[in-house]
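Keep the sequence and the model in view as you read.

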Amino acid sequence: MKCPECDEKLVDYLYNELAPDEKLRMDEHFKDCAYCAKELSQLQFVSTAFQQLKHQEPAALVHQRILAHAKDMAPQKRGSWLTQFIFKPAPVAIVVLLMAVGLLYYNQPFPSLTGNTARIAPPAERSSAFTPLAPQPMLVTQADSPATGMLPQEETDVLQRVTRSLRNDRGIGQVPSIQSQDALYAIELGNLYFSQGELEKAIATYSIALTMNPNESHTSLLRYQLALSYKQLNDCSSAVQVLDDIQKRFPDYQDMDKVFKMAGDCYLNLEAYDKAETNYANFISKFPDKQSEVVDKLETARKFQRVNLAY
Amino acid sequence: MLLYQKGDERAFEVLYWRHQRGIFNFISHFIGESGNQAEELLQDVFLKVVKASKRYEPSAKFTTWLYQIARNGCIDHFRKMKHRKTTSLAQPIDSEEEMVLESTIAGTHPSPEKAARISEVSLVLEEAIAALPEDQKEVFLMREDLNLSFAEISELIGCPVNTAKSRMRYALEHLRKTLKREGITKSEVIEGEVSRM
């Protein structure tokens, strides 16, 4: 036997949407009407069963990305035009770059308008004028080319996209991504810092990128860049640790000549002449056509080693 | 939301942590999976919120606006999936999801037999929800996952309140019949919940 009037209100009762007096009437009704009581019980059963399905959580990285994006995109609180300008890295970088280019050309001898006596520096020489701004040539170009469309074109784009992948400074983030694309952006950000001479930031970023499960070629490249950054900071002890690790773990690394050479230089700097000698000797044995690059240093290492032994 | 419009990043965090779980549950139940696709949809929802924040006007209730974005995202996803015909919502959920369900109930340390049965109940219910007609499913999930009143649901989906209630009733009936057909009893469900607490 159906109970049409009550039947309509079962859902309201179940989800507590009845007025108090109506609810009381229904409570009384359930005592007398077995049909409605059973119907309610069965609907409650479904709702209860559904509640057991709950408590699913997205991965921590998802929270991290969304919040980082919101942070990036938050409308800026307005300050003076000067502070607004100063705290925007892209315009500052452009202005600095333009000034550097202007200074470079200002210092070049002007070509003679009357003859061919004036000499314009060849591109190689001109680029050397930038050496103080760029500590070393960028090595990312030696890495495997990433898939088309994966790399952003603008510096600000790099910064913006990588921040989604990095641990943010408010402790919301969890362990960084396991996605290699995130690592790629982190590498790009590290390179950006490196090229701007912000070596400590570069080291921090490369270190984080290494936790993001980059592929093997990126891992070895990252370690090389990390070692290079340490060396630029005169932290040869850290540099050699990373370089030794590359030699052990990535014996087929494509720029192993650079690894041996840098390790040799660092050990020489650390007065660990035996290890310097080993690295230079490895360089020569594996890259005999390039031995002229290190032969003098090898001799130096051997000489100092003999001196040490003599004492 | 108004604070976020003015540049207060923390305001967005507060909103996010308040609503993300309900939205994620709604999405994962709606599309029938709680993995990458649900996570992507969750991201899409909140990225849309961020993007549209400048246009947000306090005349619209924030939750209504947010849930509308979530609903539209799910419907779009559903259409795309139907178009591609790559995944059937009637298919059993994969082993990864089973693990999620088991871990959901984990912490109770039920016996292996009971755990298996609870998992089975969850699986049946997940499939039954996935098989619900879209209009019933959205009402059911808005009520159960988002805890919206029928008035709010009717406003969101643009139908009379009584229609929303009817759809809810049909959804509950459909799920009840499925559970009964699969031999799942009320005592099992209640026991599962009690032991979970």
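Is the crossing of helix 4 of chain A and helix 2 of chain B left-handed or right-handed? The crossing of these two helices is right-handed. A crossing is left-handed if the near helix is turned anticlockwise from the far one by less than a right angle, and right-handed if clockwise.

Some conventions come before the rest. This is a predicted model, in which local features need pLDDT of at least 70 and side-chain atom pairs count only at pLDDT 80 or more, while totals for chains, interfaces and linings use all residues. Residues are numbered from 1 along each chain as its sequence is written, and chains are lettered from A and ligands numbered from 1 in the order in which they are written.

Start with the two chains. Chain A has 15 helices and 0 strands. Chain B has 10 helices and 0 strands. Helices (H or I, at least four residues) and strands (E, at least two) are DSSP runs, numbered from the N terminus. Along its sequence, chain B reads α-α-α-α-α-α-α-α-α-α.

Next comes burial. A residue is buried if 20 or more other C-beta atoms lie within 10 Å of its own, exposed if 12 or fewer, and partly exposed in between, with C-beta atoms placed from the backbone. In chain A, 30% of the 311 residues are buried. In chain B, 34% of the 197 residues count as buried.

Contacts can be sorted by sequence separation. Two residues are in contact if their C-beta atoms, placed from the backbone, lie within 7 Å. Take the contacts with a separation of 6 or more. In chain A, residues 24 or more positions apart account for 58% of them. In chain B, residues 24 or more positions apart account for 68%.

Now return to the pair from the opening question. Helix 4 of chain A and helix 2 (residues 9-31) of chain B pack at about 150 degrees, with axes 9 Å apart. Axes are lines fitted to C-alpha atoms, for helices over the stretch in contact, and angles run from 0 to 180 degrees between N-to-C directions. The two helices are therefore roughly antiparallel. Angles under 35 degrees count as roughly parallel, over 145 as roughly antiparallel, 65 to 115 as roughly perpendicular and the rest as oblique. Helix 4 of chain A contributes A:I66, A:L67, A:A70 and A:K71 to the contact, and helix 2 of chain B contributes B:E9, B:F12, B:E13 and B:Y16. By class, this contact has 5 nonpolar, no polar and 3 charged residues. Ala, Val, Leu, Ile, Met, Phe, Trp, Tyr, Cys and Pro count as nonpolar, Asp, Glu, Lys and Arg as charged, and the others, Gly among them, as polar.

Helix 4 (residues 60-73) of chain A also packs with helix 3 (residues 36-52) of chain B. Their axes come within 10 Å and cross at roughly 15 degrees. These helices are therefore roughly parallel to each other. Their crossing is right-handed. From chain A, A:V62, A:R65, A:I66, A:H69, A:A70 and A:M73 meet B:E39, B:L42, B:Q43, B:F46, B:L47 and B:V50 of chain B. The contact has 8 nonpolar, 2 polar and 2 charged residues.

Within chain A, look at helix 10 (residues 199-210) and helix 11 (residues 216-232). They pack at about 155 degrees, with axes 9 Å apart. That makes helix 10 roughly antiparallel to helix 11. Helix 10 passes helix 11 in a left-handed crossing. The contacting residues include A:Y206 of helix 10 and A:L226 of helix 11. By class, the contact has 9 nonpolar, 5 polar and no charged residues.

Move to chain B. In helix 8 (residues 150-157), the buried residues are B:F150, B:I153, B:S154 and B:L156. Seen down the helix axis, they fall within an arc of 160 degrees, so they line one face of the helix. The arc is that of the directions from the helix axis to the C-beta atoms. Just after helix 8, B:G158 takes a positive phi of about 70 degrees. B:C159 lies in the loop between helix 8 and helix 9 (161-181) of chain B. B:C159 is partly exposed, with 15 other C-beta atoms within 10 Å.
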